[in-house]
Amino acid sequence: MTATTPAAPPGAVPRKADRRGTASPGGGRRKRKLLGENPLGLLFSAPYLVFIILVFAYPLVFAVWMSFQDYFFAAPGAVVDRPFAGLDNYARVLQDPAVWRAFGNVGIFLIINVPLTVILSLLLASALNRAVHARAFFRVAYYVPYVTASVAIVGVWLFLFSGNGLVNNVLGPLAPDPSWLINSQLAMPSIALFVTWKQLGFYILLYLAALQNVPKELYESASTDGAGPVRSFFSVTIPSVRPATVLVLLLSTVTGANLFTEPYLLTGGGGPNGASTSPVLLMYQRGIEQGNPDVAAAIGVILVVLVMIIAFIQRKLAGGDES
Amino acid sequence: MSATVATPKREKPGRGGTVLRGVVLIAGALVFLFPFYYMVIGSLQRTPDSSVTGAFPNIANLTLDNYEAINSRIGLLTGLVNSGIFTGGVILGTVVFGMLAGYTLSVLQWRGRGVTFALALLVQVVPFQLLMIPLYVLIARDYGLADTHLGMILPFLINSTAVIIFRQYFLQVPKELFDAARIDGASELRVLWNVAIPLVRPALLTVILITFIGPWNEFLWPFLITKDASLQPLAVSLANYISSVAASAANPSGAVLAGAVVLAAPAVALFIVFQRYFTSTDIGSGVKG
């Protein structure tokens, strides 16, 4: 995650401008100082910048503002009074046990999903990286779930994990009762496994890119020093792919925070009894279904703040500063 | 990998390691592919058979009726067309505007370039779902774009990952090529059209693949913005079918699975045919910048 790029130094410009010659050198130079060597860049990027402002920046500010208002849906064009509500929405959210439940659920999800994702994707990526035969086949097999719609895969998982589904038939007497998706203990772990399985291919590709950049000499010198394959996996591979690990941690956490489709469809709207409700599902229920967008916005703001805190801690722990 | 612990020092991992690696890879592939196989088998069963033998095709129990059943309930063709318009609009917007942005972020020097690139990276970690409520208010209520394809497309119009991939590809083109064209008097737009775009054609397919996944598979946003069934993408109409019949139905699974096959097939086919344009290097550069 290189946040800094060689941005155009605004001062060091006129070198090329002189060569190309402008109609009014003085004014052109001043304009160039203001807009950079090639002001057309701004023009060409304008659609993208407008898009970011319209679809990301403004709604983000709007969401925060809304969470401090007594906001409600009104007919388009109608001028209504939406008084400032201070922290009322937040107070309402924090007193709602369903909200605590949803955040707790996402915690369970992350505890299962994130470590499993990191371990399995690194394991499969390193196996794939050294495979000689059928690499393309394995790569495609691994990312097929990632490129398929959740809605389609939910269909087959419902069939597989239903009470008398194939999974329970194979497990026989070991099958959980009540079955996976309607069991309040197992509903959230089932969703975590589903998402791990579905997203894994993408993270395998990320790790594969990182593994291909590890210099071969590192392995050679490790082996000269007498390290076996397991030892060199832990002391060469894992440290070398640390930037990728930081990224996988971040992206899988964000995916977890975004959870909606799976609890909505797989467990029939966060069932049983709210045991698999996610914060985003709650935002939908409170905001759109029950018409309290202000409350939903407050849940959203809390969610993003929590994700930022978790991402910061992960970055510290995984030593992301080196990337 | 623990099987190779005992191999003598300074030797390549022995046969044990190779075999173990093969087993891990094949087991992984089975776990990833089986549900897809089962999806197809289930969609062809006359009566749902979830026993272990049901996982194998049984000639007596095969039928295409499930496809007819789901088609009569949700209109597969309408769903596919809507998914196509939604996805096509996003791909068009991303290719045109995203390529322009990627070009300016790599080749041109202008004030605000660094900030724009930082934004493109930042946007990728903003949970889109947080923006769901304000975007719904803006697009459905203020702009009156509920139940329109435009309203569906707008929040996805330019894929930021694609912008970063375009930038990455343009950075690899030697600067001299652009300078030579400029000295010959080509305008910036001409340089882009005649020099830059032909050079990054491989990136185009990668970008189209990556962009395709988003809208084709998206559920939440089109679900919020379309109440009119004739405008719903297939993912939304199938989801509505799943959630409405899940409680009641006697045998919905065959129909659900048939719909799932139709929804999954285009994406899977596309990624198998063009798999060499969707590799780890492309993804790595796209996400890391």
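Helix 8 of chain B (residues 175-183) holds both Asp179(B) and Arg182(B), three residues apart, or about one turn of the helix; helices here are DSSP runs of H or I with at least four residues, strands are runs of E with at least two, and numbering starts at the N terminus. This is a predicted model, so local features need pLDDT of at least 70 and side-chain atom pairs need 80 or more, while totals for chains, interfaces and linings use all residues. Residues are numbered from 1 along each chain as its sequence is written, chains are lettered from A and ligands numbered from 1 in the order written, and side-chain values use heavy atoms, leaving out hydrogens and water.

Asp179(B) and Arg182(B) form a salt bridge, with their closest N and O atoms 3.1 Å apart (the rule asks for a side-chain nitrogen of Lys or Arg within 4 Å of a carboxyl oxygen of Asp or Glu). Arg182(B) also meets Glu188(B) in a salt bridge, at 2.7 Å from N to O.

(Buried is under 20% relative accessible area, exposed is over 50%, and partly exposed is in between, using a 1.4 Å probe and protein chains only.)

Over all chains, the structure holds three salt bridges. One of them joins Asp96(A) to Arg286(A), with the closest N and O atoms 2.8 Å apart. Asp96(A) sits in the loop between helix 4 (88-94) and helix 5 (97-129), while Arg286(A) is in helix 14, 190 residues away in the chain. Both Asp96(A) and Arg286(A) are buried.

Helix 14 (residues 279-289) also carries Gln285(A), which counts as buried because its relative accessibility is 18%.

## Where the chains meet

Now for the interface: 104 residues of chain A are in contact with 107 residues of chain B (contact means heavy atoms within 4.5 Å). Helix 3 of chain A (residues 40-67) gives the most to chain A's side, with 18 residues.

What charged pairing crosses over? The rule finds zero salt bridges between chain A and chain B.

## Chain A overall

Chain A has 15 helices and zero strands. Of its 323 residues, 53% count as buried.
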